[in-house]
Amino acid sequence: MKMPDSCFFIFTLLLGQLSITLGGKILVFPLDGSHWVNMKVIIEQLHARGHEITVLRPSDSWYIKEKSPLYTSVTLSCRGGFEENFETFLIRQLEVRLQIKPGNFWSNIWKRMEMQQVILDQFSQFHKKVGDLITYMFENEDLMQSLNASKYDMVLTDPGIGGGALLARRLKLPLVFNVRWTIQGEAHLLIAPSPLSYIPFTATELTDRMTFPQRLKNVLSYFMGMFTLSYISEPTYKPIVRRFFGPDVDYSTVFLDADIWLMRNDFVFEFPRPTVPNIIYIGGFQCKPSKSLPTDLEEFVQSSGDHGIIVMTLGTLVGNLPQDISEEIAAAFAQLPQKVIWRYTGQRPNSLGNNTLLVQWLPQNDLLGHSKTQVFITHGGTNGVQEAIYHGVPVVGLPLFFDQPDNLSRVKAKGAAVIVDIATVDRNIFKEALMTVIYNSTYRENMQTLSKLHRDQPMKPLDQAVFWIEYVIRHKGAQHLKTQGHKMSWFVYSSVDVFAALSAAVLLVICIWVSVVRLLWRKIFTQKKIKHQ
């Protein structure tokens, strides 16, 4: 029997209302800046599925808007300190980075130490302000009562700051991380087994095939890196944990106790390594098919003919470079037959050629998905690298700071990128790198292979992320997927105590055996001596 159209409409409407009714209440504690761009993609999808989203934001939020159709915001009347002095910090970082030249061994050591000190100072100040924000929240009884009364189903956070994990513990709510980096370092190294023999530590630019000197460098980098990270984070968060949760709560485990870790990479980008059940890989979740370009930009792209175009951007935070470097890059572009679209906000280079278009902003995803794009010049930010993989566009990398050298080194190891040192770049080096990637088809073929591997999966990464968030809501957590490894001390985790006990037992048996043999030998020797007398 055919259902009348009116009944079908009512049924559909009721079904839609049911999906909204079943939507969860999600409290989001995000990290500002480019990390918010990632978080917002997930929030958009959760909102579309009928979930009610509340976002906590400080009053000086940089990217996180107070009013949005996607979420309700709770603005905290204190400063988060993300944007404050950030541009000055990046400029200082870049200045020191440009002074590191090949061949100046001792000078480079001092410059690297200076760069590390700049990072330490900046991040220490940043986490201190995050700590002040957390203290403000926990001391604000009205705010905490309001959050408790709202009956949220879970907390979604970026563990690059510690507020979300502490808030989830305070509210006794399930916790989901949108993660690659945490306050204690790279997420994999913290939660999953990570043999340093073939898993490169952060910022080493190593691969999973290391020589002995490289493994030595990896181990030393690990101990130095973990000490540095603890130096940055512990002075801020340890007193907060002790004050609000008591001296018996282990500081190091609080920030690892998430139900699900939505990992913003995958094994197309990452080297193969051990993992654990509650890590869900969503690398490239923000990637999407390209859309049509604006008319003026499309006309410029089409004017490139068979040569195609080059796309260059160093991310949203770096719109310009020192003028001498910009002149060299512009001069290299001018010698190429390709057209160039360059996001650049600095002084117009004198050496700029007619083939180069400077823009204040560019539709990166849509340009990377265009059939005429030959190469992508990038600083190596995670989003840009993953979009290049998604669209199969080979890369010329100009890494500047943070995780960018590591990101590009992984793509280079897979044969899809050439990396240029910004401290030594000139027009000849830059032109050669571009021509290598454009005219050696191997780079494009390798990147397109990575693209095929990335796309060939049973569920889209964004759908994976949403499924597991809803999984946590449905089951009020995912305790059955959480390993106990992060709750163990290092000597228990590594079974040092077991090996010590077994060694002691073996040593005891050996001692007893030696004692018995010596006793028997003495007895036999004594009897022989008596008989002889």
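This is a predicted model: local features need pLDDT of at least 70, side-chain atom pairs count only at pLDDT 80 or more; totals for chains, interfaces and linings use all residues.
Local features were taken where pLDDT is at least 70 and side-chain atom pairs only at pLDDT 80 or more, whereas totals for chains, interfaces and linings use all residues. Residues are numbered from 1 along each chain as its sequence is written, and side-chain values use heavy atoms, with hydrogens and water left out.

Helices are DSSP runs (H or I, at least four residues) numbered from the N terminus, and their axes are lines fitted to C-alpha atoms over the stretch in contact, with angles from 0 to 180 degrees between N-to-C directions. Helix H11 (residues 323–334) packs against helix H15 (residues 427–439) at an angle of about 50°, the axes lying 8 Å apart. The two helices are therefore oblique to each other, since angles under 35 degrees count as roughly parallel, over 145 as roughly antiparallel, 65 to 115 as roughly perpendicular and the rest as oblique. Contact (heavy atoms within 4.5 Å) is made by Glu 328, Ile 329, Ala 331, Ala 332 and Phe 333 of H11 with Arg 427, Phe 430, Lys 431 and Leu 434 of H15. By class, this contact of H11 with H15 has six nonpolar, no polar and three charged residues, where Ala, Val, Leu, Ile, Met, Phe, Trp, Tyr, Cys and Pro count as nonpolar, Asp, Glu, Lys and Arg as charged, and the others, Gly among them, as polar.

Helix H2 (residues 34–48) and helix H17 (residues 461–475) pack at about 65°, with axes 10 Å apart. Val 41, Ile 42, Gln 45 and Leu 46 of H2 meet Leu 462, Asp 463, Ala 465, Val 466 and Ile 469 of H17, a contact of seven nonpolar residues, one polar and one charged.

On a 1 Å grid over the protein atoms alone, a cavity is a set of points where a 1.4 Å probe fits but cannot get out, a pocket is an open set with protein on both sides within 12 Å along at least five of seven lines, and lining residues have an atom within 4 Å of a point. The second largest pocket has a volume of about 990 Å³; of its 27 lining residues, Leu 189, Leu 190, Tyr 222, Met 226 and Trp 490 are the closest to its centre. Helix H8 supplies the largest share of this pocket's lining, seven residues. The second largest cavity has a volume of about 80 Å³, and its lining comprises five nonpolar, one polar and six charged residues, including Arg 180, Glu 186 and Asp 406.

How values were computed
Grid points are joined across faces, edges and corners, and a volume is the space filled by probe spheres set on the points.
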